[in-house]
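Please keep the structure in view while reading.

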Amino acid sequence: MNDDAPSPEAAVVAEKLTKRYGSLTAVEDLSFSVAPGEIVGFLGPNGAGKSTTMRILSGTMAGTSGRASIWGVSVALDPAGAKRHLAYMPENNPLPEDLRVEEYLNLRARLKDVAPDQVGARVRRVMEDCDLTRRASGRLIGQLSKGFRQRVGIADALLAEPRVVILDEPTIGLDPHQILGIRELIRSLRGKMAVLISSHILHEVEQVCDKVVIINRGRLVAQGRTEELRRELLPALAFSVATRADAPAMLAACRAADPAAEVTFLGETDGWRSYRVTLPPASPARETLAGSLVAAGIALREIAEERFGLEEIFLAATRRAPGEGRRP
Amino acid sequence: MRHFRTLLAHELRSAALSWNTWAAGGLFLALMGGIHFFALVDATRAPNARTPVEATLWFFWLPLLCVLPLLTMRTFAEERRSGTLAALLTTPASAAAVVWAKFLSVWTVWVVFWLLFTAFPVLAAQRLGGPDATRLGDPAALWGGLCFIAGSGLLHAAVGILCSCVTRSAALAALLAFICLLALTAAGGAMETLPIESWEWLGWMREPAAHLRTFGHLQDFADGILDSRPIVLYGTGTLLCLGLAVLAVEGQE
C-alpha cells in the first residue's frame, strides 16, 4: 500500500453528489459509501449516471454540488491527494496505441509515485497477476485484442497498490475464460483494496461483490447486501413445485398451509405439472408447505424454494421511483 | 509540477519514435534546404546586400506555418479524442506538468530541426566557400537568427499547444495553429505597412504594433542587437498561452 495512514471509516464517500449539464440532471443527490477492503457493485440501466458518478469520484470530472472523498481526502479540494489513493479504469479503457505494454506500465508506475527501485518488480508482478507476461509484454498496445487491453487496464489500476480501485465495466468484451480470470483477480482484492465496480453482467456482480448500489435516472434506488435487498425488494417467498396434481388440488393444499398462498401454473412436461407457489413474507408455511402437500395426498417429484437473484432485485429496484431507495 | 521530468522524458521519447516527427523533419529540411539552395544560386547571379544565410532565415515563416502545426497538432487533440489524456489525469500528475512537458518536447524538436538546418550553410561554406567562406556561412547572422527563432519559438510552440488543447481534432488544431501563427507573424508587418497615422481611431495601435514586428526582431537578432522588449513579449506570451492551455486541460470533461 502507498502509505501507513490509519484507515478511514469509509474508503469512498459520495455525499449528495449532483451533476447537471444545463437542464439535464445526470446525477442527483446521490449518497453511498464503500468501506475499506469491500467490493461494491455499482449498477444501473444505461444512462443511469454510473460512469458520470465514477468520473466525479476519480476526479476527472467536477460535480455540480455534493462531496466526494477517497480515503478521507476530498476529491475537489485535494485532487492530487485523492488520486494517490485511487486507481480508475474508465469504461472504454483508453490506452496509447504506440507504446509496448511493459513501457506503458513502467510509465504509469512512475506517474503513480511507485518508488523508482520498485517499478520493475511491481510491473512484473501485475503483469503476472493479469497474465500479460507470456503473450503481451513486448507487444504494442495497438496490436492487442480487446481482452488483453482490458487486462492492461486492470494491471495499470493495480500497479500502485491503491487503497481504492474504481473499475467501469472491466469485463466488457471479454470471453468467458477471461471473465472468470478477471473475476478471480477482483475477488483476490477483497480485504486489500476497496473496489467499486460497474457491470451489466449481474451474475458476475453477485459472484464478486459484498454489496451493491443501484441507481436509476441519476438517483439512488437501493443499496446493501444482496440478501438485504432481496428481503427489502422481493419479500414474498416462492417455491417451485413439480407434481402430477391438477391446479385446483394444488391450490386447496397450499391454502390449507397458508390461506394467503397463491399458485401459478407454469407448464406441463410428460404428465408432470410445474407450479410456482407464492407465500406472504415470513409465512410460517415456509417450513410446512412440503408436509402439507404430502398430507393432502399430492405426490411430489420436486419442491424447492426459489432464490431471487440479483437480476430480479435489479429489475425490482429500477422499477420503483427514484429516491425511494434507502439512504446510507 | 509533479512528475514533470517523467512526462518530459516520455514525450521526448514518443516524439523521437513518432512518424509524425520524422515526416515533419523531412518536410522542414526539404523546405529549408530548397530555400537555402535558391539563396546560394541567387547570390552567385548578382551582388546582394543580404548573405545567403540572411536570405534563407528571412523565410523562417514558411516552416513556422507549415511544420510547427504538424508538431503541435497531435499533442492534446489526439489524446483528448482517444481519451488517454483523461486517463493520464487520473494519476497524481498535474495538468500543468502535462502541458509543460508537451510544450518543451515540441519546442526541443523545433530547435533540433533548426540546428540540423545549420548543416546547410556550414557545408556550403566548407565546400563552396574559398575566400568567401565567412560570407557564405555567415555565423553571426546564422546563430543570431537561430537565437531569435528559438526564443520566438517558445511563443509559437505555446500557441500551437493552446490550439491543440481546445479541440479533439488534430486537423482542426493544425488549422487553428496555422491561422494564429500567420496572424502573429504577419500582424506586425501589416501594421507597419498600413497608414495608421492617418486613421485617428487606429492611432492607439501604433505602439503595440511596433512591438509585433516579427521580421524586425529577426533582423535585430541577426545583427546582434539584443533588445529586451521582444524577449519580454515572447516570454509573457508563452506564459499566457500555457496558462490558458492548463485551464483548458483542467476544464476538459
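## Contacts between the chains

Between chain A and chain B of this predicted model, five residue pairs are in polar contact, both residues being at pLDDT 80 or more; a polar contact is a pair of N or O atoms within 3.5 Å, where within protein one must be able to donate a hydrogen and the other to accept it, and residues adjacent in sequence count only if both atoms are side-chain atoms. On the side of chain A that touches chain B, the elements giving two or more residues are α2 (79–84) and α3 (101–111) of chain A, and α3(A) gives the most, with five residues. Helices (H or I, at least four residues) and strands (E, at least two) are DSSP runs, numbered from the N terminus.

The two chains also share one salt bridge, that is, a side-chain nitrogen of Lys or Arg within 4 Å of a carboxyl oxygen of Asp or Glu. Glu103(A) and Arg13(B) form this salt bridge, with their closest N and O atoms 2.8 Å apart.

## Extent of the interface

The contact (heavy atoms within 4.5 Å) involves 20 residues from chain A and 19 residues from chain B. About 1700 Å² is buried between chain A and chain B, 61% of it on carbon and sulfur atoms, where buried area is the accessible area (1.4 Å probe) that two parts lose on being put together, summed over both. Of the area that chain A buries against chain B, 31% comes from Lys83(A), Pro94(A) and Leu111(A), more than from any other three residues.

## A four-stranded sheet in chain A

In chain A, four strands make an open sheet in the order β2-β1-β4-β5, with antiparallel pairing; strands pair if DSSP finds at least two bridges between them. The edge strands, β2 (24–34) and β5 (73–74) of chain A, each pair on one side only. Strand β1 (residues 12–21) of chain A is joined to β2(A) by seven bridges, and Val12(A) has Val34(A) as its bridge partner in β2(A).

## Confidence and conventions

Chain B has an average pLDDT (the predictor's confidence in each residue, from 0 to 100) of 87, and 91% of its residues score at least 70.

Residues are numbered from 1 along each chain as its sequence is written, while chains are lettered from A and ligands numbered from 1 in the order in which they are written. In this predicted model, local features need pLDDT of at least 70 and side-chain atom pairs count only at pLDDT 80 or more, whereas totals for chains, interfaces and linings use all residues, and side-chain values use heavy atoms, with hydrogens and water left out.
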